[in-house]
Amino acid sequence: KYYLPGATVIDGGKTVEYKPPFRFYLMKKPTTDYSNADNFHKLQLVGKTFAVDMTLKDVSCGCNLNFYLVDMPVADAGKDHDHYCDAQCFDGMGCCAEFDMN
């Protein structure tokens, strides 16, 4: 079981309604304590299928909408104290594998 604090989840957990400017994290329990790496839920996707559908009907010009998976949490919390990481390896953030689906 996982939690998406702050997200609107519908259809029995199959649909997440996304409204910018948010980033959602999969959590093991309903918490927004992103400073504790043990709170993050890490998916095991090897040998499984993962699908994403995006509806862009209400997206305005100039909006950059992405869906990506990263190998977080990283060991040390970054400048935002949230254990975030991505493949761009920005200063003050963790560096990790990233899979973009956009």
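Colleague: Is Phe40 buried or exposed?

Modeller: Happy to start there, and please keep in mind that this is a predicted model. A residue counts as buried under 20% relative accessible area. Phe40 has a relative accessible area of 5%, so Phe40 is buried.

Colleague: Thanks! How many aromatic pairs are there, and what is the geometry of Tyr25 and Tyr34?

Modeller: The count comes to three aromatic pairs. For Tyr25 and Tyr34, the ring centres are 4.9 Å apart and the planes lie at 65 degrees. Planes over 60 degrees apart count as edge-to-face, so the pair of Tyr25 and Tyr34 is edge-to-face.

Colleague: And which parts of the chain does the pair of Tyr25 and Phe40 link?

Modeller: Tyr25 and Phe40 also pair edge-to-face, with 5.7 Å from centre to centre and 80 degrees between the planes. The pair links distant parts of the chain, 15 residues apart. Both Tyr25 and Phe40 sit in the loop between strand E2 (15-17) and strand E3 (68-70).

Colleague: Nice. Which residues make up the largest nonpolar core?

Modeller: Tyr25 is buried too, with a relative accessible area of 8%, and Tyr25, Tyr34 and Phe40 form one aromatic cluster. In soluble globular proteins, nonpolar side chains tend to be buried together. Here the largest nonpolar core has nine residues: Tyr25, Met27, Tyr34, Phe40, Met72, Val74, Tyr84, Cys85 and Cys96.

Notes. Residues numbered from 1 in each chain as written. Predicted model: local features only at pLDDT ≥ 70, side-chain atom pairs only at ≥ 80, totals over all residues. Heavy atoms only, no water. Phe/Tyr/Trp six-rings, centres within 6.5 Å; stacked < 30°, edge-to-face > 60°. Buried < 20%, exposed > 50% of the residue type's maximum accessible area, 1.4 Å probe, protein only. Helix = DSSP H or I, 4+ residues; strand = E, 2+ residues; numbered from the N terminus. Core = buried A, V, L, I, M, F, W, Y, C linked by side-chain atoms within 4.5 Å.
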